[in-house]
Amino acid sequence: MIGLGVRAANGALEILDLPNPRQPDAGELVLEVVAAGIGPWDALLHTGGWDVGLVPPAALGVEAVGRVTATGPDETEFRTGDLVLVHEAPLPGRSGTWAERVLVRSAHVARLPENLAPEIAAALPVAGLTAQQALDELQVDATTRLLVVGASGPTASLAVQLAHLRGADIVAGAGPARADQLRALGASEVIDTHADGWAQKSDRRFDAVLIAATGTAEDAIGLLTDGGRLTSITSDAPDPIRGITTSDLYVQPDGRALGELAALAASGELRLDVQTTPIKDGAAIADQVAGGRSGGVKYVLEF
């Protein structure tokens, strides 16, 4: 089968001829991939930055939409032919979702809603689950004053929308060009976090801060009230001060939660700017995304 991946750790991305996945054991499925999301995290899969059990030569990728082609013994939830979406890590087949077929765990799979386009669904798993789990970590509810720094990226823009659905008062940190878009997604105010001294210029104080832009956490923590909460999805949470709780968030697969997110996207309550690319152009797009040059767009491989 064809996949986009690496021949060896730290190798260059290329189109590979890979073996088909093994037959699924109990609790596992084989999917024929329809579309697969591309994120900055994928560049970490073969460089030691994120150990997902990848064994090169292998495809990269940890999220996808696919059609079930084989099920493990006694599978009761999913059947051959079902269209599903998934975030999978670690990878039970030692190879990822940027391939024609992939082995996944059924507990990490959700059924694709009939009115949700596969390319939109394939963009959702990692970004959506990261956003949701970060908001849970921050205990965001209708009483929360929340600052989201780096709010224009796919994951953080979903966090803005999910926090808005919870009734939080949200301030988005982003460049001025994204201000109108972020207000439309639920932010009550937009702070230009590209400006020098942006944190010192703000008189707002927050209960919780979500960091989605590297190099901003040290400034942002100064805007938290004593005893507040800060969570970073860029692995750079500062040390706690003034009773503030700080943490780094690493996404976990969750099929049930993924189904809830898919339902919200299908109803139009969650939106993402998605662009598709054929697998032949995937290496160049993946490099662009890894270099932080996605322009707020979530890219998806189509098969």
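Select Leu31 and leave aside its neighbours within four places in sequence: Leu31 is then in contact with Gly66, Arg67, Val68, Thr69, Val84, Val86, Glu100, Arg101, Val102 and Val104. Contact here means heavy atoms within 4.5 Å. The model is predicted, with local features needing pLDDT of at least 70, side-chain atom pairs counting only at pLDDT 80 or more, and totals for chains, interfaces and linings using all residues. Residues are numbered from 1 along each chain as its sequence is written, and side-chain values use heavy atoms, leaving out hydrogens and water.

Now colour the two domains, whose bounds come from an automatic or database domain assignment. At the interface, eight residues of domain 1 are in contact with seven residues of domain 2. The area buried between them is about 560 Å², and carbon and sulfur atoms give 68% of it. Buried area is the accessible area (1.4 Å probe) that two parts lose on being put together, summed over both. On the domain 1 side, select Trp41, His87 and Gly296: these lose the most area to domain 2, together 56% of what that side buries.

Go on to the strands, which are DSSP runs (E, at least two residues) numbered from the N terminus. Two strands pair if DSSP finds at least two bridges between them. Strand S3 (residues 28-38) runs antiparallel to strand S5 (residues 63-71), joined by seven bridges. In this pair, Ala36 stands opposite Ala64 in S5. S5 also pairs with strand S6 (residues 83-87), antiparallel over five bridges, and here Val65 stands opposite Leu85 in S6.

Last, select the open sheet of three strands, ordered S2-S1-S4 with antiparallel pairing. Strand S2 (14-17) and strand S4 (58-59) stand at the edges with a single partner strand each, so one side of each has no neighbour in the sheet. Strand S1 (residues 2-6) pairs with S2 over four bridges, and Ile2 stands opposite Asp17 in S2.
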